[in-house]
Amino acid sequence: MSQPSPDTARPRNQQTRAVLELIVRNHPGVMAHVCGLFSRRAYNVEGIVCMPIDEGSTSRIWMLVNEDDRLDQMTRQILKLEDVSEVRRHGSDHPVFRRLRK
Amino acid sequence: MYDMAGSEIICHLLQQQGIRTVAGIPGGANLPLYDAIAQCTSIRHVLARHEQGAGFIAQGLARINRRPEVCLATSGPGATNLITAVADAKLDSVPLVCITGQVPGRMIGTDAFQEVDTYGISIPITKHNFLVRSAEELLKVIPAAFRIAASGRPGPVLVDVPKDVQTERVRFSRWPAPGRPTAPPHNDAQQREAAVTLIRQSDHPVLCLGGGIISANAAETARQFAEKIGAPTTHTLMGIGSLPSDHPLCIGMLGMHGAKFTNKILQQCDLLIAVGMRFDDRATGKVTQFCPQAKIVHIDIDPSELDKIKQAHAGIVGDATEVLADLTERIPQQEHSAWLATTAQLRRDHPLEMPGLDDVCSPYGLIRQVAKSVDDDAIITTDVGQHQMWVAQAFPIVGRRRFLTSGGLGTMGFGLPVAIGAALAQPERTVVAFCGDGSLMMNIQELVTAVEQNVNVKIVVMDNNALGLVHQQQDLFYDGRHFASEFQKSVDFSMIARGFGMPACDLGTAADPHRTLRQSLDRRGPCLIRVPIDLCRQVFPMVPPGAANKDQIGERRHVAAIA
Ligand SMILES: Cc1ncc(C[n+]2csc(CCOP(=O)(O)OP(=O)(O)O)c2C)c(N)n1
């Protein structure tokens, strides 16, 4: 279903990763909604970063996840969350996590 | 300028939403709200005897009225008791607004008396939830809750309201508009075109209707569509009633306990048009072997259902009524006489076998007798177990009849409280709850609620003094090692009912059981009808859990369980 984009292509036996970028309404429960979605579908989240934007009314969440054939389905599930207004998919070399890895 | 307490705001907003009946149980953390409801004459409060009962009463109202209905519970144990009914609503896409009391805001997080993390607990079992932080926020949250519950694929929304928010006064200048469902998406032009082409090219199409047809009130449109494309039409458990069972194109329920001919027809189809159904494992059996030769047209209001289990060759997101009407218009009349002849032959060769039709104390005999005795607008509910499957197979849902069952969660104890809710929604209609003796025990306290509300609910207890479906599975898949599935003591359900103030009869001891049954169904008001059922009666055919639908077994024999 999900074709790994060229910039995330890796040797066969290595998991390809993807970075999801979410725009969410900022309130105390939103992280629980997003993380809960992954945990209850047994979809591992390798890394997560969250920062408020727009003077705190919304936040941006970046999630580093394994790119398997359920990722499309996960994206559709995330989009159903009431507090999520946008989901974008990037390659695993997204600068947010690249800098953190150092 | 208005000056009101949070609890009064909730009450007013509920009225504004058109809510006439709410079900619940009061307690410390929602007493301010109860005090406000007490003063609100246009809202009828139904006092349940367990919060799960309240949740299911609201479900009965919502499933019949096809709009969000409301249940109330206090914090802590009140909220946790509600959970099963909420999870059930989530899996069956039933719109609910659940309003729970919470400890005062300043005490949240202190492990205060009757504090649980209702917000956290309810995340995975609701469509959305709120923890309200101020009375002013209620003006946004309550309409939003109704909007979310009713929009797109319906579902339950929980609103947790701390006690101090209920008592806080707030000044505001105008009321918000009531929450209404947002318009369903209307697009996928290419996919619609692809669907039309697939349907026109198909020689052996089958239409499959799911619960989405019922909740979208699309049955009439679905019938026109079915006739236009001339396709044999099956339905899921949740889709029962989407095409009248006596319609010539209707081939009955598919899946685990579907008739053999139904599953065989699906085995041979070259196109499956699935509408408002989600390829649940009980419907598909082993999914890789489900409709192995078929292309798939999938129509659903929920985009995440497309390609979730089965990759669709044409996937359309939209409201079932609108999409089906559109496709009906675009497709010229299709004729499939050879295919219909094949399916008719399959029906003759592999019919649903219904032994004991003339015995009112056997499952099929009882179900058919009840069906003959009630009107074409009766509402049928079930619990979960063998009786549920027998009713699903054999009770003709024709005319304006409705069939309400716990499909996704399979919750024992569903039948009675949902019947009460349905009867509150439609007081003139007869509501028959087919209950297992095991299931009835899970919400038996609501018998008194039925009496108090004087609803026209007939509780037919199919009493095999066992957890029948478990017993059957142990029989078939665990070499007959029956453990924890037979009750040691039998319960006198008629006496129990009378203890709750409900008239009751026992077809096992009645001199003329047919007459007793008819009289009990005809007399208005609640009544319990106990029917002894022999434990050796089993539900067939059956697909062993994990097996393919084509490997359905037709009679009692031991096989190894696959999953
Ligand atoms: C709340 C709940 N607990 C357990 C189960 C598992 N279960 C499924 S069917 C069944 C037996 C139901 O017995 P009964 O209500 O007497 O109906 P019967 O099968 O005998 O017709 C059980 C225990 C369930 N579905 N729901």
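**Exercise 1.** In which helix of chain B do B:Glu220 and B:Arg223 both lie, and how many residues apart are they?

*Solution.* Keep in mind as you go that this is a predicted model.
- Step 1: find helix α10 of chain B, residues 219–229; both B:Glu220 and B:Arg223 sit there.
- Step 2: count along the helix. The two are three residues apart, about one turn.
- Step 3: look at the side chains. B:Glu220 makes a salt bridge with B:Arg223, and their closest N and O atoms are 2.5 Å apart.
- Step 4: check the cover. B:Glu220 is partly exposed at 43% relative accessibility, and B:Arg223 is partly exposed too, at 23%.

**Exercise 2.** Work out which parts of chain B are linked by the salt bridge between B:Glu452 and B:Arg49.

*Solution.* 
- Step 1: start with the contact. The side chains of B:Glu452 and B:Arg49 meet in a salt bridge, 2.5 Å from N to O.
- Step 2: place each partner. B:Glu452 belongs to helix α19 (residues 446–453), while B:Arg49 is in the loop between β3 (44–47) and α3 (51–65), so the pair links distant parts of the chain, 403 residues apart.
- Step 3: check the cover again. B:Glu452 comes out as partly exposed at 47%, and so does B:Arg49, with a relative accessible area of 32%.

**Exercise 3.** Find out how many salt bridges the whole structure has, and which residues one network joins.

*Solution.* 
- Step 1: a search over all chains turns up 33 salt bridges.
- Step 2: take another pair, B:Asp551 and B:Lys550, whose side chains meet at 3.5 Å, N to O.
- Step 3: now go for the network. Salt bridges with shared partners tie together A:Lys80, B:Arg153, B:Asp302, B:Glu305 and B:Lys308.

**Exercise 4.** Say which residues form a positive surface patch on chain A.

*Solution.* 
- Step 1: the patch is made of A:Arg98, A:Arg99, A:Arg101 and A:Lys102.
- Step 2: A:Lys102 falls in the segment after α3 (95–101) of chain A.
- Step 3: A:Lys102 is exposed, with a relative accessible area of 82%.

Definitions and conventions: Residues numbered from 1 in each chain as written. Chains lettered and ligands numbered in written order. Predicted model: local features only at pLDDT ≥ 70, side-chain atom pairs only at ≥ 80, totals over all residues. Heavy atoms only, no water. Patch = residues over 30% accessible without salt bridge, like charges linked within 9 Å, V, L, I, M, F, W, Y side chains within 5 Å. Areas by Shrake-Rupley, 256 points an atom, 1.4 Å probe, with all protein chains shown as cover. Salt bridge = Lys/Arg side-chain N within 4 Å of Asp/Glu carboxyl O. Lys, Arg positive; Asp, Glu negative; His and termini not counted. Charge placed at Lys NZ, Arg CZ, Asp CG, Glu CD. Helix = DSSP H or I, 4+ residues; strand = E, 2+ residues; numbered from the N terminus. Buried < 20%, exposed > 50% of the residue type's maximum accessible area, 1.4 Å probe, protein only.
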